Amino acid sequence: MPKAANRKRSKNDTSKRNSKSNEDDEPIVTVAATTDEPKSNKGVKRKASESTEKNIKKSTSVNERNTIEATQDVDDEEIQLPTVMTLKKSDRLSSNGNKPTVKFASWNINGIRAWLIKDGLKYIEQEQPDIMCFQELKCEKEKIPTNATPPGYKSYWLSGDTAGYSGVGLLTKIDPINVKFGIGIAEHDNEGRTITAEYEKFYFVASYIPNSGRKLVRLEYRQEFNEAFRNYIKELDKKKPVVWCGDLNVSHQSIDLANPKSNTKIAGFTQEERDDFAKILADGFIDSFRYLYPDERDAYTYWSYFRNARTRNIGWRLDYFIISSRLQENLCDTIHQTDVYGSDHCPIVLLLSV
């Protein structure tokens, strides 16, 4: 999820419906989330190569805990990242008794250069996904380090028009038939949010869905993007089954976040965002995790850096693998790699027999 840098806010920024918001691009919970929404013209831009320290402002009022803003630095030592990576494994078969043949992974890495410094490649070395996607590169594609592409993979990168903001990436061991950047609508493709790779038996769509922002300043735009994206994957699904994944910036059900009652008016859990997500599922798609684990609680993929939220597991499920319903028989498992650190999100894994 995007993280906010210290900046001033232009009075005119939110008057434009499609302008990039200065507000947080992540949910704000009892333990607050943060953002990297583009800064106003009067703001001070933070270079992607600068410190990856997270900014947090402490609130003394219980009633203010849902509107915490980012101003005070918190470094990685305070986050206390574990030094040993432990990956969950699965031996689940598909419903027709087949072993998985393709392993997919998705991870919002919160800045690819910071992720590399934190030895993020070790995760890929251990997990060995066949197809891997990233969100929130925060780096122009021309400046992405060459070592971000491990041996044996081809890489495809997409950055937006604003430096140090958004961006998605794809690593693949399997040669795609074709790779498309964006969804073909200019007003939705300038932030670097979607890569689609066509394979023999399916389309793989990696996405980083816009956040509605603090005070929901981008909710209207988010809903327009949702509708355009829904139509986009519906058209793909008419040709081949779709595997869609990424940071979708929504917790669909109350079970998908730690504090649902206090967050109904917060980005990521508004009724509008949840209804839009439900429309996509109703068009013939499956939330693979909830399909397999309909009642599992405390299953989150994002935690704020504030107040040891991850240690306490005060989080949100914002990262998904959505599959065409006709891939239901091919679904083996979906895994949250919650013991993998290096970002405020954890990687997620999909196992399919295709």
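Is Phe-289 buried or exposed? Phe-289 is buried, with a relative accessible area of 5%, where buried means under 20% relative accessible area and exposed over 50%, with partly exposed in between (1.4 Å probe, protein chains only). This is a predicted model, in which local features need pLDDT of at least 70 and side-chain atom pairs count only at pLDDT 80 or more, while totals for chains, interfaces and linings use all residues. Residues are numbered from 1 along each chain as its sequence is written, and side-chain values use heavy atoms, with hydrogens and water left out.

**Aromatic rings**
- The whole structure holds 14 aromatic pairs, counted when rings of Phe, Tyr and Trp (its six-membered ring) have centres within 6.5 Å; planes under 30 degrees apart count as stacked, over 60 as edge-to-face and the rest as tilted.
- Phe-104 and Phe-321 form a tilted pair, at 6.4 Å centre to centre and with 55° between the planes.
- Phe-104 is buried, with a relative accessible area of 0%, and Phe-321 is also buried, at 1%.
- The ring centres of Phe-289 and Tyr-293 are 5.2 Å apart with the planes at 40°, so this pair is tilted.
- One aromatic cluster is formed by Phe-104, Tyr-199, Phe-202, Phe-204 and Phe-321.
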